[in-house]
Amino acid sequence: MRNKQVILRDCVSGFPKETDMSIVESTLTLKLPEGSNEVLLKNLYFSCDPYMLFLMTNVEPGSVSYALPLSKPLIGFGVAKVLESEHKDYKKGDLIWGLTKLEEYSLVPSTQIQFKIEHTDVPLSYYTGILGMPGMTAYAGFFELGSPKKGENVFVSAASGAVGQLVGQFAKLTGCYVVGSAGSKDKVDLLKNKLGFDEAFNYKEEPDLNATLKRYFPEGIDIYFDNVGGKTLDAVLLNMRVHGRIPVCGMISQYNLAQPEGVTNLTNLMSKRVRMQGFVWSDFYHLYPKFLEFLLPHIREGKVVYVEDIAEGLENGPAAFVGLFSGRNVGKQVLVVARE
């Protein structure tokens, strides 16, 4: 079978470009050998996420990241249908989500499949976002590391993105006061008018982030959910309350810099006894059933909403990915590879 793919053409340096990727066609055999541990998937939805950039750059020795070989398809999380399987846990027609490749069909080890999809009364694309890796990231980072209490003050950067929009809503469900930052007026309006944030601001219009945070948090910040790092993190450190918590989810402001920005206000971690901890969602893999039990009723009742930015077709994959780094997307960037 012919298999259209988005492959890595050149290692990325600085901001990714569409020309770093190419659309090609390969061939794929549909029949698996008996006893194979691999599963043949028809990809339906693909999740475009900033962390993918780490797979597309030259990697320093000893780095926890790894490089994607040139001329190979991009790797990321997706939703797919099982076409062929010799594995006892997966049969033809099953819907799954997990690590896959940016191509029409993928042959993947069964160990790369995170979960079989049991709940189909919600959009399947949600398993690239609110019910997938970004949702688990928001849930684990906020509840497990943030340890929120009713009435606390919460600040979320990149708040209209795949993770940030959920953190803000989880904060409201907990009874917190929550403010988000984003990069456009439309995104600020989205945060306040659809996602229920108490306040939001456009960081591009705020030359003094320290003063801005003091305006929105005159009593300080209890939880800062960090998606951007850099100057925002530095300003937040000046405004944290004693025993505050900073779950570090991402640092998108630093990913394209040849020399990352320094953070100068770290002494506040000591003087204010702030706990700052980095994490990845797989640290909390075991909580996924509990996460679904918590979130699915809120989705069905409309108490938690999710904003997706949908791009159609593999040929739009490079543009969808590159757009993440200029803030072009509004909400979770999803690529439709095929409609079921």
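Colleague: How far is the sulfur of Cys11 from the closest cysteine sulfur?
Modeller: In this predicted model, the sulfur of Cys11 is 19 Å from the closest one, which belongs to Cys48, and that is too far for a bond.

Colleague: What kind of bond would a disulfide be?
Modeller: A covalent one, between the sulfur atoms of two cysteines.

Colleague: And how many disulfides does the structure hold?
Modeller: The count is 0 disulfides. Cys176 is another cysteine that is in no disulfide, since its nearest cysteine sulfur, in Cys249, is 18 Å away and the cut-off is 2.5 Å.

Colleague: Is Cys176 buried or exposed?
Modeller: Cys176 counts as buried, because its relative accessibility is 2%. Cys11 has 29% relative accessibility, so Cys11 counts as partly exposed.

Colleague: Changing topic to helices. At what angle do α1 and α7 cross?
Modeller: Roughly 90°. Helix α1 covers residues 133-145 and helix α7 covers residues 288-300, and their axes come within 11 Å. Because of that angle, α1 counts as roughly perpendicular to α7.

Colleague: Which residues make the contact?
Modeller: From α1, they are Gly135, Met136, Tyr139, Phe143 and Glu144. From α7, they are Tyr288, Lys290, Phe291 and Phe294.

Colleague: How many of those are nonpolar, polar and charged?
Modeller: The contact of α1 with α7 has 6 nonpolar residues, 1 polar residue and 2 charged residues.

Colleague: Let's take Glu144. What does Glu144 touch, leaving aside neighbours within four places in sequence?
Modeller: Glu144, which is found in helix α1, is in contact with Tyr139, Phe284, Leu287 and Lys290. As for Phe284, 140 residues separate it from Glu144 in sequence, but the C-alpha to C-alpha separation in space is 8.9 Å.

Colleague: How accessible is Glu144?
Modeller: Its relative accessibility is 34%, so Glu144 counts as partly exposed.

Colleague: On to the aromatic rings. How many aromatic pairs are there?
Modeller: The count comes to 27 aromatic pairs. Among them is the pair of Tyr126 and Tyr306, which is edge-to-face. The rings of Tyr126 and Tyr306 are 6.1 Å apart, centre to centre, with 75° between the planes.

Colleague: Where do Tyr126 and Tyr306 lie?
Modeller: Tyr126 is in the loop between β7 (113-116) and α1, and Tyr306 is in the loop between α7 and β14 (308-312).

Colleague: What about Phe155 and Phe201, stacked or edge-to-face?
Modeller: Phe155 and Phe201 are stacked, at 5.9 Å centre to centre and 10° between the planes. Phe155 sits in strand β8 (residues 153-156) and Phe201 in strand β10 (residues 199-202), which puts this pair 46 residues apart.

Colleague: Are those two buried or exposed?
Modeller: Phe155 is buried, with a relative accessible area of 1%. Phe201 also counts as buried, at 3% relative accessibility.

Colleague: And Ser181, what does Ser181 touch?
Modeller: Beyond residues up to four places away in sequence, Ser181 touches Phe155, Val156, Ser157, Ala158, Ala159 and Phe201. Ser181 belongs to strand β9 (residues 177-182). At 5% relative accessibility, Ser181 counts as buried.

Colleague: Ala158 was in that list. Where is the place of Ala158?
Modeller: Ala158 is in the loop between β8 and α2 (164-174). Ala158 has a positive phi of about 50°, although it is not a glycine.

Colleague: How accessible are Ala158 and Ser147?
Modeller: Ala158 is partly exposed, with a relative accessible area of 31%. Ser147 is partly exposed too, with a relative accessible area of 30%.

Colleague: Last one, helix α5. How many of its residues are buried?
Modeller: In helix α5 (residues 230-237), 7 of the 8 residues are buried, so α5 is largely enclosed by the rest of the structure. The buried residues are Gly230, Thr232, Leu233, Asp234, Ala235, Val236 and Leu237.

Colleague: What covers them?
Modeller: The cover over the buried residues of α5 includes β8, α4 (209-216), β11 (221-225), β12 (240-248), α6 (267-271) and β13 (275-278).

Terms used:
Residues are numbered from 1 along each chain as its sequence is written. This is a predicted model: local features need pLDDT of at least 70, side-chain atom pairs count only at pLDDT 80 or more; totals for chains, interfaces and linings use all residues. Side-chain values use heavy atoms; hydrogens and water are left out. Axes are lines fitted to C-alpha atoms, for helices over the stretch in contact, and angles run from 0 to 180 degrees between N-to-C directions. Helices (H or I, at least four residues) and strands (E, at least two) are DSSP runs, numbered from the N terminus. Angles under 35 degrees count as roughly parallel, over 145 as roughly antiparallel, 65 to 115 as roughly perpendicular and the rest as oblique. Contact means heavy atoms within 4.5 Å. Ala, Val, Leu, Ile, Met, Phe, Trp, Tyr, Cys and Pro count as nonpolar, Asp, Glu, Lys and Arg as charged, and the others, Gly among them, as polar. Buried means under 20% relative accessible area, exposed over 50%, partly exposed in between (1.4 Å probe, protein chains only). Rings of Phe, Tyr and Trp (its six-membered ring) pair if their centres lie within 6.5 Å; planes under 30 degrees apart count as stacked, over 60 as edge-to-face and the rest as tilted.
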